[in-house]
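Please look over the structure shown here, and then follow the paragraphs below, which move from single residues to the chain as a whole and back again.

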Amino acid sequence: MNENTKEKLLSVICAVISIGAFLLLWWFVTHYTDLSKLLPDPVVVLKATFEYCIGVVGKYSLIIHMLSSLRRVLIGFCLGSLAGVILGLLMGRYLLARAIFNPIFRFIRPIPPIAWIPISIIWFGLGEEAKIFLIFLAAFANTTLNAMTGAMNNEV
C-alpha cells in the first residue's frame with residue numbers, strides 16, 4: 001500500500017470509530033441518565049430519519065423536495081453566472097461600460113442576498129421567482145467581480 005492509500009484508510013477508520021463512539025455515548029446517556037427525558041434515543045432518531053427520507057413530507061417525498069430545490073439553485077446560479085460573466089467582461093474590457101455600470105455595481109455588491117428578501121417578496125411574491133432571484137443575486141455579485149478582475153488583468 002502506498003502512503004496516500006494508508007492515509008485515506010486511516011481517515012475512514014477514524015471517522016467510523018469517532019461516529020460509532022458518539023452514537024454509543026449517546027445511547028448510554030439516553031438509557032442510563034435523566035437526559036432521556038430531554039434527548040431521544042439514537043435508534044429512534046435514526047429510524048425517524050429513515051422514515052422521513054422515504055416517506056411523504058407534505059405532498060411529495062423528500063427526494064422530490066430536494067430536486068425542486070436543486071432546480072431553483074441551478075436556474076438562479078446559471079442565470080446569475082451568465083449575467084455576471086457578461087457584465088464583468090464588459091466592465092473589464094471597456095472603460096465606458098465600467099464608467100456606466102461600476103458605480104451601480106459597487107453600490108449593490110456589498111448588500112448580502114439575505115437583505116434582499118423583503119424587496120424580492122414585494123417584487124416577486126412568495127413563489128419560486130423570489131427564491132431564484134435571491135440565488136441569482138448571490139451568484140451575480142461574485143461572478144461579475146471575478147470576471148471583471150480577470151478581464152482587466154488579462155489585457156491581450
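Once its neighbours within four places in sequence are set aside, serine 120 is in contact (heavy atoms within 4.5 Å) with Gly125, Ala130, Phe133 and Leu134. This serine belongs to helix H5, residues 117–124, where helices (H or I, at least four residues) and strands (E, at least two) are DSSP runs numbered from the N terminus. Serine 120 counts as buried because its relative accessibility is 1%; buried means under 20% relative accessible area, exposed means over 50%, and partly exposed lies in between, with a 1.4 Å probe and protein chains only.

The model is predicted, so local features need pLDDT of at least 70 and side-chain atom pairs count only at pLDDT 80 or more, whereas totals for chains, interfaces and linings use all residues. Residues are numbered from 1 along each chain as its sequence is written, and side-chain values use heavy atoms, with hydrogens and water left out.

For the chain as a whole, the secondary structure comes to 6 helices and 2 strands, and reading along the sequence gives the pattern α-α-β-β-α-α-α-α. The protein chain is more spread out than a compact globule, because its radius of gyration is 24 Å, well over the 15 Å that the globule rule gives for 156 residues; the radius is taken over C-alpha atoms, and the rule is 2.2 Å times the number of residues to the power 0.38. Taken along the principal axes, the C-alpha atoms fill a box of roughly 70 × 50 × 30 Å. Of the 156 residues in the protein chain, 21% are buried, and among contacts with a separation of 6 or more, 57% are between residues 24 or more positions apart.

Which residues make up the largest nonpolar core? The core has 5 residues, namely Leu87, Met91, Phe105, Phe140 and Met148, and the elements giving two or more residues to this core are helix H3 (62–93) and helix H6 (128–153). A nonpolar core here is a set of buried Ala, Val, Leu, Ile, Met, Phe, Trp, Tyr and Cys residues joined through side-chain atoms within 4.5 Å. Not counting residues up to four places away in sequence, phenylalanine 105 touches Met91, Phe140, Ala141, Thr144 and Leu145. Phenylalanine 101 is partly exposed, because its relative accessible area is 36%. The C-alpha atoms of phenylalanine 101 and arginine 72, 29 residues apart along the chain, are separated by 27 Å.

The last stop is around threonine 30, which has its place in helix H1 (residues 3–32) and counts as buried at 8% relative accessibility. Beyond residues up to four places away in sequence, threonine 30 touches Ser36, Leu39, Pro40, Asp41 and Pro42. Aspartate 41 is found in the loop between H1 and helix H2 (42–54), and at 15% relative accessibility aspartate 41 also counts as buried. Although aspartate 41 and threonine 30 are 11 residues apart along the chain, their C-alpha atoms are separated by 5.7 Å. With neighbours within four places in sequence left aside, aspartate 41 is in contact with Trp27, Thr30 and His31.
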